[in-house]
Amino acid sequence: MTLRSVVTGVGSYLPKRVLSNQELSRQLDTSDEWIIERTGIRERRIAGKDEKTSDLAIAAAVEALAHAGRDAKDVDLVVVATTTPDLTFPATAARVQAALGIPAGAAFDIQAVCSGFVFALTTADNFLRLEQARCALVIGAETFSRIVDWEDRTTAVLFGDGAGAVVLEAQRGERGVLSTFIRTDGRMHDLLYVDGGPSQTQTTGKVRMSGNAVFRQAVEHISGAMLEACARAGVSIDQVDWFVPHQANQRILDGVARKLGVDVDKVVSTVAQHGNTSAASVPLALDVAVRDGRVKKGDMVLLEALGGGLTWGAVLLRM
Ligand code: ACO
């Protein structure tokens, strides 16, 4: 039987502070109506002043380990997808590893912005199938609020903070990751980037985005990635039970569903409550759908995302 990477546990964490559209519209020239109509977002969470990305990641990881019935000592790989690391170095994953008391293996970060979790899952899957690790914690965690320009209404309304995690274990059988597909096109750098960094400006920088152009690229490339992931596994899109997309904008989710003829009831959407939590959004949405009973063991699930880079990709798995 084939060795596959099986999701055996899911977890998530959201900071307590809720920032509603109404509250945002008191500090920015925007409105609840505009934000809901153009994005579907109603509120987002904001990390506390002393709450770091690693704190969010650790909380989500603890929940995922408990859900999987695993201990820290079982884990031999930690991959954290984040664009908002605690520090420029060392990796946020190293902090997570130490805090959880994971005694073995490697821990590193992946930077693919909103596609980060799909890239991290793909990477961990390769480690597991090559038998270079047996039990991985794959985490998406962001304090995106720290790199948002709170005076720019075109981006400030979109983003939020949070973390999601999965425990991924090498097992032989029918369950697990069936196919992965990731891509980057660095020529589209200027559509979505942060205008600071250690080498170029010695600052952290703020998010800059051409929203319209990103929107068009998103629908096109996400649809393509979903079809490619299905083709690689030899399944058709209508055999997929649940779609768990990156939560950027409800209109992107609807646009992709329309383009591929997917029933919108099969698309997990948390964008209204979470906003765009970048690399955290896919595992956060997966956790919500597992815990509310929609996604069950044995279901075929398609994860997808697009983000800065541009980067995009999809992962097809049987839960
Ligand atoms: N409140 C009120 N008005 C606003 C706001 C706001 N928050 N933001 C922009 N506007 C105004 C603009 O200034 C513009 O006014 P004008 O016509 O007088 O010039 C008008 O609204 C329309 O602006 P558009 O940019 O054309 O609005 P659009 O319908 O494209 O929505 C949005 C903008 C929501 C950013 C959309 O383009 C989008 O979601 N793009 C995808 C980008 C994204 O989600 N990126 C996240 C990372 S990548 C990813 O996750 C896929």
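**Figure 1. V113 sits in the loop between strand 5 and helix 5.** Before zooming in, note that this is a predicted model: local features need pLDDT of at least 70, side-chain atom pairs count only at pLDDT 80 or more, and totals for chains, interfaces and linings use all residues. Residues are numbered from 1 along each chain as its sequence is written, and side-chain values use heavy atoms, with hydrogens and water left out. Helices (H or I, at least four residues) and strands (E, at least two) are DSSP runs, counted off from the N terminus. V113 has a relative accessible area of 17%, so it counts as buried (buried means under 20% relative accessible area, exposed over 50%, and partly exposed in between, using a 1.4 Å probe and protein chains only).

**Figure 2. S278 is another non-glycine residue with a positive phi.** Its phi is about 55 degrees. Look for S278 in the loop between helix 9 (271-274) and helix 10 (281-291). Is S278 buried or exposed? With a relative accessibility of 1%, S278 counts as buried.

**Figure 3. Here are two cis peptide bonds, one at F89 and P90 and one at G309 and L310.** For the bond joining F89 and P90, omega is about -5 degrees. You'll find P90 in the loop between strand 4 (77-81) and helix 4 (92-100). For the bond joining G309 and L310, omega is about -10 degrees. L310 belongs to the loop between strand 12 and strand 13.

**Figure 4. Four strands make an open sheet in the order 8-13-12-11.** The pairing in this sheet is mixed; two strands pair if DSSP finds at least two bridges between them. Strand 8 (176-184) and strand 11 (242-245) are the edge strands, each with a single partner, so one side of each has no neighbour in the sheet. Direction ignored, neighbouring strands are turned by 10 degrees against each other on average. Strand 8 and strand 13 (residues 311-318) run antiparallel and are joined by eight bridges. To find your way, spot F181, which faces A314 in strand 13. Helix 7 (residues 211-233) packs on the sheet and touches strand 8, strand 11, strand 12 (300-307) and strand 13. The helix direction makes about 145 degrees with that of strand 12. Contact means heavy atoms within 4.5 Å, while angles run from 0 to 180 degrees between N-to-C directions of lines fitted to C-alpha atoms, for helices over the stretch in contact.

**Figure 5. Two aromatic pairs turn up in this model.** Rings of Phe, Tyr and Trp (its six-membered ring) pair if their centres lie within 6.5 Å; planes under 30 degrees apart count as stacked, over 60 as edge-to-face and the rest as tilted. F108 and F127 make a tilted pair, with 6.0 Å between centres and 40 degrees between planes. F108 is in strand 5 (residues 106-110) and F127 in helix 5 (residues 116-129), so this pair links parts of the chain 19 residues apart. F108 is partly exposed at 24% relative accessibility, and F127 is partly exposed with a relative accessible area of 24%. F144 and F159, in contrast, are stacked, at 4.6 Å centre to centre and 25 degrees between planes. F144 lies in the loop between strand 6 (135-143) and helix 6 (153-156), and F159 in the loop between helix 6 and strand 7 (161-172), so the pair ties together parts 15 residues apart in sequence. Both F144 and F159 are buried.

**Figure 6. The model has 17 salt bridges, and here are a few of them.** The rule asks for a side-chain nitrogen of Lys or Arg within 4 Å of a carboxyl oxygen of Asp or Glu. K52 pairs with D55, with their closest N and O atoms 3.4 Å apart. K52 is partly exposed at 33%, as is D55 at 30%. D74 and R70 meet at 3.8 Å, N to O. For D86 and R95, that value is 2.7 Å. D86 is buried, with a relative accessible area of 19%, whereas R95 is partly exposed at 35%. Which residues share partners in one network? They are R70, D71, K73, D74 and E169.
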